[in-house]
Amino acid sequence: MYIKRHIEAVIEQSKKTYPVILVTGPRQVGKSTMLQNLYPNINYETLDDPFLLQTIKSDPVGFLKLKGFPFIIDEIQKSPELFSSIKYLVDTNKNNGMYFLSGSQKFPLMSGVSESLSGRVSIINMLGFSNREIYDDAFDKPFIPTLEYLTTRNTKIPADIKTIWERIHKGSMPKLYEDTSMDWGKYYSDYLNTYLERDIHKLENIGDTLSFLQFITALASRTGELLNMQSIAKEVGVSAPTIKRWISILQKSNIIYLLHPFSLNANKRIVKTPKVYFMDTGLVCYLCKWLTPENLINGAQSGNIYETFVISEIIKSYYNHGIEPNIYYYRDTDGQEVDLLFFQDGTLFPIEIKKTSSPNLKDIKHFKTLQSSFPSIKIGEGGIICSYEKLLPLNENNKIIPLTLI
C-alpha cells in the first residue's frame, strides 16, 4: 500500500522552474518509491546495478541520451560522473523537469551538485513518514504556534495516549507501515547494518564500525540534550575530533538534527552549544533498548524521546513544504531554558514540550526571560505542546497545544 507523501506537491512545483530535482534524505525513507508513484510513466533506473554503473562510466552522455528525458535516476551518488553530463544536456536542451535524482547520502552528493549543477537544481530534503501522512491528514502548512494556524488546523490524528506512544515507539520508516507484518526489531537491526556497512564504511571510511555503532548508541541515549562531544568521546574511547567528524556524518545524512541556540550578539550568559535530536524515534528506541511502547512511556528517557518526536514532526512540516525551519532553543548560564523558538518576521514564538497531560503556567515560567535577553525583539504567541487532547488558552499569549495539532 502506497501512502501519499506531502512533499510531492513541492516536487511538482519545482519541476516547473528547475531542470533537475534532487531528493535527498536518509536511507529507506521512500524517495525512489515516491518518485515512481508520482511519475509512473517516466523512465526509471537505479544505480545499484554494478554492470549498469560500468556502462555509465565509459559513456555517461551516451547513457543519458539513450534514456531521454524526463528520467528518474535512483542512488545517483554512486555515479558522480553523471553530474557534468546532466549539466551538458540541461544546458543543451534548456527544459525544466528533465531529471529527477534521488540519493540516500547527502555528503557525496553535494560536492557534485555544487560543482556541476549550481542554479540548475532544486534540492529537496525528505524524511520518514509524518503523522499527517500516516493518518491521511491533508493539512500541509508548516507548524507555528499562532492562533491563526491552530484554529485552521483540523486534525485527523488520534489523540489518545496509547496511540501516541505506539507511534513514537514505532518510528517513521515507511516499510513498517506499508508492511504491518514486518518485525520492528529485525527491521532496525537490518537498517543499522545497511547504514553502517553500505553508507558509512564505504563512503566515509570510518574504519572501526563497532566504535561507530557505540557512538551512535551513546548519541541516541542523549537525544534532546546539549551535545557534549567530550563526554561521548570518553564513553566510546575515541578522540573528540573523531566524534565531531562522526556527528557531521549523521547530520549530513539527516539521521540527526542539531538545534542551535538563538542569539543576536556575544552575550556570555547564553549557552552556545547545540542540542541534538534524532529524526526517527524508532531508531532511538531500538538503539537504547526500549523494546515496547509500555516500557518506553515509563522509562527514564521518555521525556527526551517525546520531545525528539515533537521536534522531528515540526521539522517535517517544514521540509514537506519545501522550506528550512527557522527554529532555535534558548538556555542561559542560570539554567533558564525554552525548548523551542520560532523566529519569523522579527518575532520570537516560544514553545515548551512536555509529555504531560496536565500542563500549567509553571511550565512556561522561563518565557519571561526572553524579553530581558532580547529587548529589541517582539515575543509573540507560544504555548506548551503536550499530550492533553484539547486546544485551550493558558494565558493571554500562550496556549495548551495538543501534539496532534503539529
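This is a predicted model: local features need pLDDT of at least 70, side-chain atom pairs count only at pLDDT 80 or more; totals for chains, interfaces and linings use all residues.
Residues are numbered from 1 along each chain as its sequence is written, and side-chain values use heavy atoms, with hydrogens and water left out.

**The pockets.** A pocket here is an open set of points on a 1 Å grid over the protein atoms alone, where a 1.4 Å probe fits and there is protein on both sides within 12 Å along at least five of seven lines; lining residues have an atom within 4 Å of a point. The volume is the space filled by probe spheres set on the points, which are joined across faces, edges and corners.

| Pocket | Volume | Lining by class |
|---|---|---|
| Largest | about 380 Å³ | five nonpolar, seven polar, nine charged residues |

In the largest pocket, Gln 28, Val 29, Gly 30, Ser 32 and Thr 33 lie nearest the centre, out of 21 lining residues. Helices H2 (31–38), H10 (174–178) and H11 (184–204) each give at least two residues to that lining. Helices (H or I, at least four residues) and strands (E, at least two) are DSSP runs, numbered from the N terminus.

As for the second largest pocket, 14 residues line it, and Lys 4, Arg 5, His 6, Ala 138 and Asp 140 are nearest its centre. Helix H1 (residues 8–14) supplies the largest share of this lining, three residues.

**The cores.** A nonpolar core is a set of buried Ala, Val, Leu, Ile, Met, Phe, Trp, Tyr and Cys residues joined through side-chain atoms within 4.5 Å, and buried means under 20% relative accessible area with a 1.4 Å probe, protein chains only. The largest one has 93 residues, and Ile 11, Phe 215, Leu 219, Phe 278 and Phe 342 have the most contacts inside it. Helix H17 (residues 302–319) brings the largest share, nine residues. Another core, of 22 residues, lies apart from it and includes Ile 73 and Leu 117.

**The sheet.** Three strands make an open, antiparallel sheet in the order S6-S8-S7. S6 (225–226) and S7 (256–259) are at the edges with a single partner strand each, so one side of each has no neighbour in the sheet. Strands pair if DSSP finds at least two bridges between them; S6 and S8 (residues 275–278) have two, and Glu 225 has Val 276 in S8 as its bridge partner.

How values were computed: Buried means under 20% relative accessible area, exposed over 50%, partly exposed in between (1.4 Å probe, protein chains only). Ala, Val, Leu, Ile, Met, Phe, Trp, Tyr, Cys and Pro count as nonpolar, Asp, Glu, Lys and Arg as charged, and the others, Gly among them, as polar.
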